[in-house]
Amino acid sequence: MKQSIREEKILKVIKERKTISRLELAEIFDLTPARISKIIKSLLDKEIILEKDVGVSTGGRPPVILTINEKIFGDVLGLNLAPKNIFLTVGQINGEIRKRKKYSLDKIQDEDILNFIEKLISNSLASEKKIGVITIIITGFVNHEKGISIMSPHYKWRNLNIVKHLEDKFHIPVLLEHDVRAMALTEQQIGACKGINNFVIFNICEGIGTSTCIDGNVYRGFNSMAGEMGHIVINTSSIRKCSCGKRGCLEAESSNTAIINRITSDIKIGKYSMLKDILSKKGYLDINDILLGVKKRDFLAIQVTSEAVEYIAQGLNILVSIIDPEKIILVGDIFTSKFLMDTLKFELNKFSLEFQKCIIEPTKLGDELFYYAPIAVVIKSIFENKKFTKKYITKLGGSYDFN
């Protein structure tokens, strides 16, 4: 095998382990000490790795610990585009976040979103001098490899090559990722799925999406569209139309938007609910209003959300049966309700087989899931996306050649 290929694989292991000795690397790759030392010397000369400190001796000379040289990588500027907010992050690949800021999109028109993003980037680049990469995270259909937002219903984007557009404008490497896949990488690196190779992220907001990690890698599918669980028809007799055009999709039955629309409609046709006063005062309901109704045991709120949870349980049962994951992490406001989580567990018990062992629990990361995600995407791409890695290192005057 060529030395350059060995370097690439060795760097991936050092990145994953964070610290490791030459002897451990030699054992992993079945190389002689002389061979591994030659490759390590090449990486040290290029300043891609460092000798960090001395490890504990097991009888001979104490091992020298190797680690990635984080100084050759610039800071990460991340923009996580949720349906109603943009989460801005400035941080480093060691996971440290220096700046967090959330921007509400209530007053921003769809056609101005791209301009707004460009202004955020311009302002950040002017104030943060060490940024080496921009990460854009977005909902909808995303082609990660080509950098294209295939279709984002919340921002009305279709076939927008946002990576090329931003790289041409700002002359800095850009990465694009799907929101739920970025969540999966985040849970894998700092969350409840650390050390777990097979898991699923199930996200409910204005829509519904999932991301599956198999054997430690996020599964994207042939067309880069894997994980569209929200568009599986779960209720064949439903008249509710989904954003995809079909009727009875899980998203049309159980998303935040579906729950809010149904309760709002029921109140307007005369059904009693304590939420009527809130609707009259505000002119609209949001998911927090619905959860307040559930907490106060409002009959309409409990009826609609419980039915939505029943469909969610059916969807999760499909995931468990097909994928057989070790863990499913639930993301979404409705999973903060103890009543709805108890309802979900009750419904799941109807479907689960006795020998199916799958942990299902809400995320514990909160908003950190959105702020850390851009960093998680960059960490995953280093030494795995060759073209990006080379651009990222050379941005700050470093050099690395995979050839």
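## Glu8 and helix α1

Glu8 sits in helix α1, which spans residues 3-17; helices (H or I, at least four residues) and strands (E, at least two) are DSSP runs, numbered from the N terminus. Glu8 is buried, at a relative accessible area of 8%; buried means under 20%, exposed over 50%, and partly exposed in between (1.4 Å probe, protein chains only). Between Glu8 and Asn159 there are 32 Å from C-alpha to C-alpha, with a sequence separation of 151 residues.

This is a predicted model, where local features need pLDDT of at least 70, side-chain atom pairs count only at pLDDT 80 or more, and totals for chains, interfaces and linings use all residues. Residues are numbered from 1 along each chain as its sequence is written, and side-chain values use heavy atoms, leaving out hydrogens and water.

## The five-stranded sheet

An open sheet of five strands has the order β14-β13-β12-β15-β16, with mixed pairing. Its edge strands, β14 (217-218) and β16 (359-362), each pair on one side only; two strands pair if DSSP finds at least two bridges between them.

Strand β15 (residues 327-331) runs parallel to β16 and is joined to β16 by four bridges. Leu330 has Pro362 in β16 as its bridge partner.

## Two residues with positive phi

Lys18 is not a glycine, yet its phi is positive, about 75°. Lys18 belongs to the loop between α1 and β1 (20-21) and is exposed, at 57% relative accessibility.

His171, also a residue other than glycine, has a positive phi near 55°. The loop between α5 (162-170) and β11 (174-178) contains His171, which is exposed at a relative accessible area of 59%.
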